[in-house]
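Me: I would like to learn how to read charged side chains in a model. Can you take me through them, step by step?

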Amino acid sequence: MKVKIKILGLALVALSLFFLAAVYAAGQAEKEESPRRVAIRAGRLVDGRSASAISNAVILIEGERIAAVGQAMAIPAGAEVIDLGKATVLPGLIDCHTHITFQPENYYEDLFRKSPIDAAVVVHIYARRTLEAGFTTVRDAGSEEFIDVALRKAINEGKVVGPRMQAATLAVGASGGHNDLVGFSPYLKFSHFSGIADGVDEIRKLVRFEVKNGADLVKLIATAGVLSEEESVGAPQYTLEEMKAAVEEAAMWGKKVAAHAHGAEGIKLAVRAGVTSIEHGSLLDDEGIELMRERGTYLVADIYNHDFIITEYTRLGYPDKLIEKEKKVGDLQRENFRRAAKAGVKIAFGTDSGVYPHGWNAKQFAYMVRYGLTPMQAIQAATANAADLLGWAESVGAVSPGLYADLIAVSGDPLKDISELERVKFVMKGGRVYKKE
């Protein structure tokens, strides 16, 4: 009898322990399922969409997303409070034209002494610098060997710190053009994936190959360029038929086309073909401006980097020929940007970062204001407009309920001094703080 009682007692103890363990596990599961709640207080909010800022802003965050935004709102009990004092909060910035997988150090060494492995090994550094500069989203406008796809995946999986990304993979360009290696011996060859395609059928096949391997968009080289050794700086390098093939094929797979285009005729061909954005737009003429305005084509103009190329690229070993090409278009690009802005062409922020050091992206804001935009318009070019161009307006580009909690803060008022955006003090992406000074 005593043995039976002892066994029964042990069974009851075991049952109690099992019950307690189950309750504890349920509590932990509930705790894990409940999103972290954070409240941010700041002196001023520029939300990316509204025409003016609001004071005494409160932003409530649950998990990765924004739950509520308002002026002097009550903060729920139990929420973690981040008090940014008198700072100005803005949406995480968006750069629609980066080359985040490389950065020039020496022209000939970069071409001939480095492999894609060299780029892949250091790309995480550029990604972190970009995020810490306040750019929580980027559209990467061309990368070799699908390094951008690998970087995007690593960031999304939390293995690497960096911005949200759209990847263009290999730029699509014509033989002998801006996307090709020209000016060297025909016996010089590289064993890598090629972005060269000539004619409608080759272009369609290349677009399919890129989509198969992870492209979020197609980068089309519509005209000649600056930092390449073909003779022209802006001549068309595809026919209208070829450009239409790229746009139609991309659309069939649900992708947009961004067109590298400096020259006036190539810009107009690309717009008529149906591209979503013109990148650079240096020699844009009146007809091109009107076409872009009528069709809602975005202009993504890199109007800061002219200064860096002129002052630094001789030191980096770039041939004089390339620097002379930049001299022909740099100032014209800025004046044509002014004309396009005045005419009402849609403008999204894009820097061509990688041509100059990553993390310097915000230096372009001052130039956009100098050449025709108000500070608010420049900010919206890098928030709401950029999100619209990317097709991500329901996720990023504004401080609004339901969107990702991608937020930055600066000490002063960027509506009075746009250069404040070059000194970002606080960065949050998806509800997680990556920088707080």
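Reply: Start with the total: a search of the whole structure finds 30 salt bridges. A salt bridge is a side-chain nitrogen of Lys or Arg within 4 Å of a carboxyl oxygen of Asp or Glu. This is a predicted model: local features need pLDDT of at least 70, side-chain atom pairs count only at pLDDT 80 or more, and totals for chains, interfaces and linings use all residues. Residues are numbered from 1 along each chain as its sequence is written, and side-chain values use heavy atoms, leaving out hydrogens and water.

Me: Which parts of the chain does the pair Arg-41 and Asp-83 link?

Reply: Side chains of opposite charge can pair when their charged atoms come close. Here Arg-41 and Asp-83 meet at 3.4 Å, N to O. The pair links distant parts of the chain: Arg-41 is in strand 1 (residues 37-45) and Asp-83 in strand 4 (residues 80-83), 42 residues apart. Strands are DSSP runs of E, at least two residues; helices are runs of H or I, at least four; both are numbered from the N terminus.

Me: Where do Glu-132 and Arg-128 lie?

Reply: Both are in helix 3 (residues 116-132), four residues apart, about one turn of the helix.

Me: Is Asp-148 buried or exposed?

Reply: Buried means under 20% relative accessible area, exposed over 50%, partly exposed in between (1.4 Å probe, protein chains only). Asp-148 is buried, yet has no salt bridge. Arg-152, the nearest side chain of opposite charge, is 7.1 Å away. The Asp-148 side chain does reach the backbone nitrogen of Thr-169, at 2.8 Å.

Key:
Lys and Arg count as positive and Asp and Glu as negative; His and the chain ends are not counted. A polar contact is a pair of N or O atoms within 3.5 Å; within protein, one must be able to donate a hydrogen and the other to accept it, and residues adjacent in sequence count only if both atoms are side-chain atoms.
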